[in-house]
Amino acid sequence: MTLEVRIAEGLAAMGLALPEGAPAKLAEYLELLAKWNKVHNLTAVREPEQMVVLHVLDSLSVLPHVAKAHSLLDVGSGGGLPGIPLAIARPDLEVTLLDSSHKKVAFLQQAKSQLKLANVTPVCERVESWKPAKPFDAVVSRAFADLADFVVQAHHLVAPDGEMLAMKGVHPFDEIAKVPATHRVAGVVELSVPSLDAKRHLVLLKAA
Ligand SMILES: C[S@@+](CC[C@H](N)C(=O)[O-])C[C@H]1O[C@@H](n2cnc3c(N)ncnc32)[C@H](O)[C@@H]1O
């Protein structure tokens, strides 16, 4: 089975209808990530089936929860996760990929140009000191920081009626207890990722 067919199968299992050509582009992204990974060590996940599940399908499990957003910031994007799969799934969504590592952002620039992702903007900055021209409707992170640090470091980047979304594994009860009083947990959604034998939760945070 090709990567593209495996991705299409996973998307169908999740009930996600993506634009024409998206599975091929997602496969091209994984191939580019695997190629760069040989030299630059961008992600510990290297096996193709694991890349499909842990990178593409895991990232896209967030898609229904950013349906109303017009702009999205991926904080600590690394190799572009979850931001690049979301940008491929939603060409109308303006996606900014932020990372403080020059090496990671060089890869994100390459991915933008090779995959022709007109809606993607890579940025090399530290999140806590970055001052963009406009705040974002959705500020998302995966494997970036605990909830309290995510709120403290990234809250200034969220539009007044926007939302922060943190991708987590098991229900993060302990982290939720430490969310600063400036913010409230608006919801904790259990995410379903086909072929993944582990828990996934999305924590939604809003200004209190
Ligand atoms: C564990 S990686 C996660 C990458 C990606 N989100 C994923 O799920 O595969 C965390 C990333 O956060 C970036 N990072 C750490 N501190 C940062 C900061 N203060 N501002 C921006 N990026 C930061 C690191 O360079 C790294 O690429």
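This is a predicted model: local features need pLDDT of at least 70, side-chain atom pairs count only at pLDDT 80 or more; totals for chains, interfaces and linings use all residues.
## Helix packing and buried residues

Helix α2 passes helix α5 in a right-handed crossing. α2 covers residues 22-40 and α5 covers residues 102-114, and the two pack at an angle of about 150° with their axes 11 Å apart. Angles over 145 degrees count as roughly antiparallel, so α2 is roughly antiparallel to α5.

Who does the touching? On the α2 side the contact is made by Tyr29, Leu32, Trp36 and His40, and on the α5 side by Lys103, Phe107, Ala111 and Gln114. Sorted by class, the residues in this contact of α2 with α5 come out as five nonpolar, two polar and one charged.

Now for the other helix pair. Helix α1 (residues 3-14) packs with helix α3 (residues 48-60) at an angle of about 40°, their axes 10 Å apart. That angle makes α1 oblique to α3. Here, too, the crossing is right-handed, with α1 passing α3. From α1 come Leu3, Arg6, Ile7, Gly10 and Met14, and they meet Pro48, Val52, Val56, Leu57 and Leu60 of α3. The class count for α1 with α3 is eight nonpolar, one polar and one charged.

On to the core. The largest nonpolar core takes in 58 residues, and Leu72, Val139 and Met164 have the most contacts inside it. Take valine 139: once its neighbours within four places in sequence are set aside, it is in contact with Leu73, Val75, Ala154, Leu157, Val158, Gly162 and Met164.

Valine 95 sits in strand β2, which spans residues 94-99. Is valine 95 buried or exposed? It has 30 other C-beta atoms within 10 Å, so it is buried; the cut-off for that is 20 or more. Leaving out neighbours within four places in sequence, the contacts of valine 95 are Leu72, Asp74, Gly83, Leu86, Ala87, Asn119 and Val120.

Alanine 69 counts as buried because it has 22 C-beta neighbours inside 10 Å. Valine 66 counts as buried too, with 22 C-beta neighbours inside 10 Å.

Which residues do they touch, beyond neighbours within four places in sequence? For alanine 69 the contacts are Leu93, Asp137 and Ala138. For valine 66 they are Leu72, Leu86 and Ala138. Ala138 turns up in both sets. Leu72 and Leu86 are contacts of valine 66 and are among those of valine 95.

Here is how sequence separation and C-alpha to C-alpha distance go together for a few pairs.

| Pair | Apart in sequence | C-alpha to C-alpha |
|---|---|---|
| Valine 95 and alanine 17 | 78 residues | 19 Å |
| Alanine 69 and glutamate 94 | 25 residues | 8.9 Å |
| Valine 66 and leucine 165 | 99 residues | 9.0 Å |

Valine 66 and leucine 165, then, are 99 residues apart along the chain and 9.0 Å apart in space, whereas valine 95 and alanine 17 are 78 residues apart in sequence and 19 Å apart in space.

Conventions:
Residues are numbered from 1 along each chain as its sequence is written. Axes are lines fitted to C-alpha atoms, for helices over the stretch in contact, and angles run from 0 to 180 degrees between N-to-C directions. Helices (H or I, at least four residues) and strands (E, at least two) are DSSP runs, numbered from the N terminus. Angles under 35 degrees count as roughly parallel, over 145 as roughly antiparallel, 65 to 115 as roughly perpendicular and the rest as oblique. A crossing is left-handed if the near helix is turned anticlockwise from the far one by less than a right angle, and right-handed if clockwise. Two residues are in contact if their C-beta atoms, placed from the backbone, lie within 7 Å. Ala, Val, Leu, Ile, Met, Phe, Trp, Tyr, Cys and Pro count as nonpolar, Asp, Glu, Lys and Arg as charged, and the others, Gly among them, as polar. A nonpolar core is a set of buried Ala, Val, Leu, Ile, Met, Phe, Trp, Tyr and Cys residues joined through C-beta atoms within 7 Å. A residue is buried if 20 or more other C-beta atoms lie within 10 Å of its own, exposed if 12 or fewer, and partly exposed in between; C-beta atoms are placed from the backbone.
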